[in-house]
Amino acid sequence: MSAPTRGSQTAAALTGLLGLGQLWWTNGSERTAATALVLAPLSLLAAAALARINCLETRLAVVLVVTAPLALTALALTIGLPGQPRQGFGVAALVGLVLPFSVLVAIDVDRRIRSRRARSAGAHAEDPYAR
């Protein structure tokens, strides 16, 4: 476990925002997405874990939870989800692409900051799992 960075704090906040958006999507109309029912609690749990314990496992959980809606949105926009026609590009699709991608960018920024810290502190100063 290592000290949180600006990137990990941003990733936790954006993942929490994504989870709240998915939770709002489940409370919607008759077209409730089943994936949002599953991913909303997982996103909120991963965001809380990353905000509390900043380690490799929580960053991995955030990456996995965020990659799923990104891939599903891209699939829905390109060829359509199974049994559904292709979706049109709108505000929800834009948010569904930009928000998960920005979480991945924040995780990458966190990785770069950790690499710089490890190089400046020496090879044995930091736990190898904290990279």
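Colleague: When α1 passes α3, is the crossing left-handed or right-handed?
Modeller: Bear in mind that this is a predicted model. The axes of α1 and α3 come within 11 Å and cross at roughly 45 degrees, which makes α1 oblique to α3. As for the hand of that crossing, it is left-handed.

Colleague: Which residues of α3 make the contact with α1?
Modeller: By class, the contact of α1 with α3 has 4 nonpolar, 2 polar and no charged residues. On the α1 side you'll find Thr15, Leu18 and Gln22. Facing them from α3 are Val62, Val66 and Pro69.

Colleague: Let me step back to the whole chain. How many helices and how many strands does the chain have?
Modeller: Read from the N terminus on, the elements run α-α-α-α. So the count, since helices and strands are DSSP runs, comes to 4 helices and 0 strands.

Colleague: What share of the chain's contacts with a separation of 6 or more comes from residues 24 or more positions apart?
Modeller: For background, the chain has 131 residues, and 34% of them count as buried. Among contacts with a separation of 6 or more, the share from residues 24 or more positions apart is 65%.

Colleague: Back to the helices, then. Are α1 and α2 roughly parallel or roughly antiparallel?
Modeller: Their axes are 8 Å apart and the packing angle is about 155 degrees. Angles over 145 degrees count as roughly antiparallel. α1 and α2 are therefore roughly antiparallel.

Colleague: How many nonpolar residues are in the contact of α1 with α2?
Modeller: α1 passes α2 in a left-handed crossing. Residues making the contact include Ala11, Ala12, Leu20 and Trp25 of α1 and Leu37, Leu39, Ala40 and Leu44 of α2. Split by class, the contact has no charged residues, 7 polar ones and, to answer you, 13 nonpolar.

Colleague: How far apart are the end C-alpha atoms of α1?
Modeller: Helix α1 covers residues 6-26, which is 21 residues. At 1.5 Å a residue, that should span 30 Å. The model agrees, with the end C-alpha atoms at a distance of 30 Å.

Colleague: Now for the next pair. Are α2 and α3 roughly parallel or roughly antiparallel?
Modeller: Helix α2 takes in residues 34-52 and helix α3 residues 56-78, and their axes are 9 Å apart. They pack at an angle of about 150 degrees, and the cut-off for this class is over 145. That's why α2 and α3 are roughly antiparallel.

Colleague: How many charged residues does the contact of α2 with α3 have?
Modeller: Among the residues that meet here are Leu39, Leu42 and Ala46 of α2 and Arg59, Val62 and Val65 of α3. The contact has 11 nonpolar and 3 polar residues, and the number of charged ones is 1.

Colleague: How far apart in space are threonine 35 and proline 69, C-alpha to C-alpha?
Modeller: Threonine 35 is found in helix α2, and its relative accessible area of 40% makes it partly exposed. In sequence, threonine 35 and proline 69 are 34 residues apart. C-alpha to C-alpha, the distance is 8.2 Å.

Colleague: Which glycine follows α3?
Modeller: α3 itself has 23 residues and reaches 32 Å from first C-alpha to last, close to the 33 Å expected. Its buried residues include Val62, Val65, Leu70 and Leu77. The residue you want has a positive phi, near 95 degrees, and is glycine 80.

Colleague: Last one: is aspartate 110 buried or exposed?
Modeller: Aspartate 110 is found in helix α4, residues 91-121. Leaving aside neighbours within four places in sequence, aspartate 110 is in contact with Thr5, Gly7, Ser8, Asn54 and Arg59. Its relative accessible area is 0%, and the cut-off is under 20%, so aspartate 110 is buried.

Definitions and conventions: Residues numbered from 1 in each chain as written. Predicted model: local features only at pLDDT ≥ 70, side-chain atom pairs only at ≥ 80, totals over all residues. Heavy atoms only, no water. Axes fitted to C-alpha atoms, helices over the stretch in contact; angles between N-to-C directions. Helix = DSSP H or I, 4+ residues; strand = E, 2+ residues; numbered from the N terminus. Parallel < 35°, antiparallel > 145°, perpendicular 65-115°, else oblique. Contact = heavy atoms within 4.5 Å. Nonpolar A, V, L, I, M, F, W, Y, C, P; charged D, E, K, R; others polar. Expected span 1.5 Å × (residues − 1). Buried < 20%, exposed > 50% of the residue type's maximum accessible area, 1.4 Å probe, protein only. Left-handed = near helix turned anticlockwise from the far one by under 90°.
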